[in-house]
Amino acid sequence: MMIVMKSEATPEEVRAVVERVESVGAKAHVSPGEEVTVIGAVGDREHVQRLGLEGHAGIDQIIPILKPYKLASTEIARGERTVLDIGGRKVGGEHFAVIAGPCTVETLDQTVDTALAVRDAGASLFRGGAYKPRTSPYSFQGLGQEGLHMLAAAKQESGLPVVTECMDARDLNAVLEVADVLQVGARNMQNYPLLTEIGRTGRPVLLKRGLSSTLEELLMSAEYILKEGNEAVILCERGIRTFESAHRFTLDVMAVPALKEMTHLPVIVDPSHAAGKRDFVQPLSLAAAAAGADGIIVEVHSEPDAAICDGPQQLRADDFPDFLRRVERVAEIAGKGLAAAV
Ligand code: PEP
Ligand code: MN
């Protein structure tokens, strides 16, 4: 439930409510707003119902949050949208974030060159996988630690914050050395111990929707991260499984406005993995921008034909500036501007 304090509530009154919430084994999430402080009491339903806070000093209103996802819900943010600051790049609100880079880190030159190319075109963050979730155990699995070092070099050279996937909590410390945003891939969306560990790091997270997951399941996974006190979660629609087999996945464009209604968290779209095909990446990116997405994460490679994985869907670095100008125009119509460095 959500406890809205009176505007004149004292810090002692806020503390007393927090103590009461914690005394029943629930967690108190305090959001000191400009006008009033709101306390989210999250925990076992029965315990929360037994709080008996009615009439308690300093409390204005007690509002139940009916959704199973509490901290991710629009209710708890009382109409405000979460805007993240990742190394000076804003994600959410009126900002359109462009996360671009190769599917996987292959060589130092390929990584650094792509980072510089996407930066010069106006991308706000750099993506690249060192640990790759592959359907076949015989496929290239990523360069691991060596790949992380290449990402560090790309970050150093380009100044772009890095988004990279962590698949296994055992790699977390190494990934934290370079990642400004920890990516949780679609296949790990429901790896709850991993979500909890990642939540505890406090590092911003890019949480991708599972291949066959509902929006509610996506938000419940976000809840695992938020519950650990990590409020920096970006959600990503990346295509889902449907009966259609003509292309890799089906991009659920409707997920964007639907999630915006359900949650205060920023929502971005991955057109590359949805499409599996380069020619579809631009139309899907324009659709994402038009639908009100807070950004896109898109695969770009200096030589896609020679890429180790996902070559057919990666944009050519040479085509990226023109692609981005078109996306920018549509984002502008939807009320957003490219999230450049401040
Ligand atoms: C990726 O972005 O590198 C990736 C593997 O995507 P997904 O988890 O959405 O398949
Ligand atoms: Mn890929």
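**Around the manganese ion: questions and answers**

Me: In this predicted model, what spacing do the donors of the manganese ion (ligand 2) follow along the chain?
Reply: Glad you started here! Reading along the chain, the donors of the manganese ion (ligand 2) follow the spacing C-x169-H-x25-E-x10-D.

Me: How far apart in sequence are the parts that Glu299 and Asp310 tie together?
Reply: Glu299 belongs to strand S14, while Asp310 sits in the loop between S14 and S15. The pair therefore ties together parts that are 11 residues apart in sequence.

Me: Which atoms coordinate the manganese ion (ligand 2), and at what distances?
Reply: Cys103 uses SG and His273 uses NE2.

Me: Is Glu299 buried or exposed?
Reply: Buried means under 20% relative accessible area. Glu299 has a relative accessible area of 1%, so Glu299 is buried.

Me: What is the phi of Asp310?
Reply: Here is some background: most residues other than glycine have a negative phi. Asp310 is not a glycine, yet its phi is positive, at about 60°.

Me: Where is Arg78 found, and what is its phi?
Reply: Arg78 is in the loop between helix H3 (74–77) and strand S5 (84–86). At 42% relative accessibility, Arg78 counts as partly exposed. Arg78 is a residue other than glycine with a positive phi, near 50°.

Conventions: Residues numbered from 1 in each chain as written. Chains lettered and ligands numbered in written order. Predicted model: local features only at pLDDT ≥ 70, side-chain atom pairs only at ≥ 80, totals over all residues. Heavy atoms only, no water. Helix = DSSP H or I, 4+ residues; strand = E, 2+ residues; numbered from the N terminus. Buried < 20%, exposed > 50% of the residue type's maximum accessible area, 1.4 Å probe, protein only. Donors = N, O, S within 2.8 Å, 3.2 Å for Na, K, Ca; no water.
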